[in-house]
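Me: I have not looked at this one before. Can you walk me through it?

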Amino acid sequence: MNELLTYIVQSLVDKPDEVSVTERKAEGETIFEVRVADGDMGKVIGRQGRIVKEIRILMKAVAQRKGKKVSVEIVD
């Protein structure tokens, strides 16, 4: 799932080399922290947060099929 999230975010930004996705576990849930270059933050979040919302929906759907819980956080 880490690879899928990395691929999606790298496809959206101008500087794909600066995309970093870290994974941590907390209370039975996997949390993915996404870091991008400063200029690419808006491309990942989108207008009124629409793009990041869709990324979260997609990742939760994939996780649900595997019987897991995930969340995606965009970190400055």
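Reply: Ask away, and the answers follow below.

Reply: This is a predicted model, where local features need pLDDT of at least 70, side-chain atom pairs count only at pLDDT 80 or more, and totals for chains, interfaces and linings use all residues. Residues are numbered from 1 along each chain as its sequence is written, and side-chain values use heavy atoms, with hydrogens and water left out.

Me: How many helices and strands are in the chain?

Reply: The chain has three helices and three strands, counted as DSSP runs (helices H or I, at least four residues; strands E, at least two) and numbered from the N terminus. Their order along the sequence is α-β-β-α-α-β.

Me: At what angle do helix 1 and helix 3 pack?

Reply: Helix 1 (residues 2–12) and helix 3 (residues 50–65) pack at about 160 degrees, and their axes are 11 Å apart. Axes are lines fitted to C-alpha atoms over the stretch in contact, and angles run from 0 to 180 degrees between N-to-C directions. The two helices are therefore roughly antiparallel, a term for angles over 145 degrees.

Me: Which residues make the contact?

Reply: Helix 1 gives L4, L5, I8 and L12, and helix 3 gives I51, I55, L58, M59 and V62; contact means heavy atoms within 4.5 Å.

Terms used:
Angles under 35 degrees count as roughly parallel, over 145 as roughly antiparallel, 65 to 115 as roughly perpendicular and the rest as oblique.
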